[in-house]
Amino acid sequence: MATDFVAGWFGGCSGIVVGHPFDTVKVRVQTQSVGTQGRYHGVFHCFHKTISTEGPRGLYKGMLSPLVFSAGINAIVFGVTHNMNRHFSSRSSHGGVLPLRYHFLSGLSAGALQSVISGPSELIKTRMQVDGQGVRGLQKAQYRSPFHCAQVIRRQLGLRGLLIGTWTTCLRDAPGFGFYFLSYEMVCRQFAANASGGHVPTWVLLSAGGVAGIGGWLFTYPIDVVKSRLQAQSLDPRKREYTGVLECFRKSYAEGGLKVFTRGLGTALVRAIPVNAVTFYAVEVFLLLLNTPSKISMPATPKAVASASR
């Protein structure tokens, strides 16, 4: 249904505004090499140094790109997931409550499809976030805007250049969104089964969104580090440090061991809680306002939930 796609866009934009500063810090910590210890000593140092040298605007670099693409990305994610759930429900024999494994499959499919759009969006966002680090204003920044960044990439590498890291984004997002929607549904069902009348309270929806964000990141964070490194490196093929995913994994491990693949994880998890709480709640509120089935207004039957929780 069209309302699912619009609700996804609305929720996605809300989450981006809340969480982009955390994402900027995550990307900057991820992409610095072991040899640049003097730049950021940790997450809080990165926050402080970015604000003190670039001003608060430095934390919002590259936000326009995910906002512009958010319409397509989140529309695909929530629209595809909800419509696939309906398809599975029409063929299910579990009393109208879909087994949890289908929520994972729906999220996995949606994550793979949206990577076609989120890959180029992540590329532009990442390059904007690491551009002109430590410089206040735009004097020494390579890119004036997300659109200028896209133009520079296209001029140097052609349209194919905008697909750098898209395959890696798919490797991250397909399972990531599977765990994302699975976690959300599990929390909602747990509380709905024990609540009076089976209704899901607002605080549960917010909590479920936060848990979903954490679940989505925990299982896929190492590939996110690789994606950020691949997309942040030089556009000049002669100056690139990594030629592909496997080489990036190998060189990153040789550089700093397993710890390299957890850089910025704390920031990602902290960011995930408010961002995804807001995103899911905004989606549910939007669906409710349009008189579309929403967890805010629809009770879950405890017996049906128990039989489908497998």
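How many disulfides does the count come to? The count comes to zero disulfides. This is a predicted model. The protein chain has eleven helices and zero strands. Of its 310 residues, 52% count as buried.

**Overall layout**

- Read along the sequence, the protein chain follows the pattern α-α-α-α-α-α-α-α-α-α-α.
- Take the contacts between residues at least 6 apart in sequence: 78% of them join residues at least 24 apart.

**Confidence**

- The average pLDDT of the protein chain is 83. A score of at least 70 is reached by 85% of the residues.
- Among the elements, helix α8 (residues 221-232) has the highest mean pLDDT, at 94. Helix α11 (residues 302-308) has the lowest, at 41.
- Over residues 297-310, pLDDT stays under 50. For that stretch the model has 30 contacts beyond four places in sequence.

- Cys46 is buried, and its relative accessible area is 0%.
- Cys248 also counts as buried, at 0% relative accessibility.
- The count of disulfides in the model is zero.

**Helix α2 and Thr50**

- Thr50 is found in helix α2, which covers residues 43-54.
- Thr50 has a relative accessible area of 1%, so the residue is buried, the cut-off being under 20%.
- The side chain of Thr50 reaches the backbone oxygen of Cys46 at 2.8 Å. Cys46 is itself buried.
- Beyond its neighbours within four places in sequence, Thr50 is in contact with Arg28, Tyr40, Gly55, Gly58 and Leu59.

- Helix α9 runs over residues 245-256 and has twelve residues. From its first C-alpha to its last it reaches 17 Å, close to the 16 Å expected at 1.5 Å a residue.
- Which residues of α9 are buried? They are Val245, Glu247, Cys248 and Ser252.
- Seen down the axis of α9, these buried residues fall within an arc of 155 degrees, so they line one face of the helix.
- An α-helix has 3.6 residues a turn, so residues three or four places apart point the same way.
- The face of α9 turned away from the buried side carries Leu246, Arg250 and Ala254, which are exposed.

**Helix α1 and Phe5**

- Phe5 is found in helix α1, residues 2-31.
- Is Phe5 buried or partly exposed? Phe5 is partly exposed, with a relative accessible area of 31%.
- Phe5 and Ala75 are 70 residues apart along the chain. Their C-alpha atoms are separated by 3.9 Å.
- Phe5 touches Ala75, Ile76, Gly79, Val80 and Asn83, leaving out residues up to four places away in sequence.

**Helix α4 and Leu100**

- Leu100 lies in helix α4, residues 100-130.
- Leu100 counts as buried, at 10% relative accessibility.
- Leu100 and Ser183 are 83 residues apart along the chain. Their C-alpha atoms are separated by 9.3 Å.

Note on methods: Residues are numbered from 1 along each chain as its sequence is written. This is a predicted model: local features need pLDDT of at least 70, side-chain atom pairs count only at pLDDT 80 or more; totals for chains, interfaces and linings use all residues. Side-chain values use heavy atoms; hydrogens and water are left out. pLDDT is the predictor's confidence in each residue, from 0 to 100. Helices (H or I, at least four residues) and strands (E, at least two) are DSSP runs, numbered from the N terminus. Contact means heavy atoms within 4.5 Å. The expected span of a helix is 1.5 Å times one less than its number of residues. Buried means under 20% relative accessible area, exposed over 50%, partly exposed in between (1.4 Å probe, protein chains only). The arc is that of the directions from the helix axis to the C-beta atoms. A polar contact is a pair of N or O atoms within 3.5 Å; within protein, one must be able to donate a hydrogen and the other to accept it, and residues adjacent in sequence count only if both atoms are side-chain atoms. A disulfide is a pair of cysteine sulfur atoms within 2.5 Å.
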